[in-house]
Amino acid sequence: MMEELIIKKLSFTKRPIPIPADYRPMYKIALIVLILKLCSRGNKSSLLKLHLFSWALTSKKHASLLTSFVNNDFRGEFSVWGIEPALNRALQLATAEKICELTDGKNYVLTSDKGINFFNMLMADKELFEYEKAFLNSIGKNTITDSRINSMTKQWSLFYVEN
């Protein structure tokens, strides 16, 4: 038979838990702002494009894969990139703070006041996001278009259907 467990007092001690930078909302919001301004025409981007660049910035290996794919004129295989819930939450916060806004129900655009000011602040500090800025500038605004993203995602379904 099981003995009955009687607990007279239960207490918890709150301790700080370090959160990796990749999951911090302000880090992700800063990446969103940089992606919208440095890699998107009209400071406007689809959700999938934001996820692609966010995924590429998670490691130098991912960044190298994307750079190679771009440099080979988008020929060859490109694997599925990650979709991060942390980026979606950061987009919600950025939208609530009017740093960016959702237009036509599918694209995010940098706002002309808070968004641009935040971008200018990020660019003013040369040491802040040094690697991220260099990578995004190397890709540029006109390289990866929404139609290119769509064709890349079509490869996903073809690849996974065949395998």
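How many salt bridges does a search of the whole structure find? In this predicted model, the search finds three. One of them joins K28 to E84, with the closest N and O atoms 2.9 Å apart, and this pair links distant parts of the chain, since K28 belongs to helix α1 while E84 sits in the loop between α3 and α4, 56 residues apart. K28 counts as buried because its relative accessibility is 1%, and E84, at 14%, counts as buried too.

Another salt bridge connects D104 with K44, where the closest N and O atoms are 3.7 Å apart; D104 lies in the loop between β2 and β3 and K44 in strand β1, 60 residues apart. Here D104 counts as exposed at 51% relative accessibility, whereas K44 is partly exposed, with a relative accessible area of 35%. K114 in turn pairs with E97 at 3.8 Å between the closest N and O atoms, and because K114 lies in helix α5 and E97 in the loop between α4 and β2, the pair ties together parts that are 17 residues apart in sequence.

Helix α1, which holds K28, also packs against α5 at an angle of about 100 degrees, with the axes 10 Å apart, and the two helices are therefore roughly perpendicular to each other. Among the residues making this contact are I29, V33 and L34 of α1 and F118, F119 and L122 of α5; the contact residues divide into eleven nonpolar, one polar and one charged.

The largest nonpolar core has 43 residues, and L52, F53 and L66 are among those with the most contacts inside it. Its largest share, ten residues, comes from α1.

Technical notes: Residues are numbered from 1 along each chain as its sequence is written. This is a predicted model: local features need pLDDT of at least 70, side-chain atom pairs count only at pLDDT 80 or more; totals for chains, interfaces and linings use all residues. Side-chain values use heavy atoms; hydrogens and water are left out. Axes are lines fitted to C-alpha atoms, for helices over the stretch in contact, and angles run from 0 to 180 degrees between N-to-C directions. Helices (H or I, at least four residues) and strands (E, at least two) are DSSP runs, numbered from the N terminus. Angles under 35 degrees count as roughly parallel, over 145 as roughly antiparallel, 65 to 115 as roughly perpendicular and the rest as oblique. Contact means heavy atoms within 4.5 Å. Ala, Val, Leu, Ile, Met, Phe, Trp, Tyr, Cys and Pro count as nonpolar, Asp, Glu, Lys and Arg as charged, and the others, Gly among them, as polar. A nonpolar core is a set of buried Ala, Val, Leu, Ile, Met, Phe, Trp, Tyr and Cys residues joined through side-chain atoms within 4.5 Å. Buried means under 20% relative accessible area, exposed over 50%, partly exposed in between (1.4 Å probe, protein chains only). A salt bridge is a side-chain nitrogen of Lys or Arg within 4 Å of a carboxyl oxygen of Asp or Glu.
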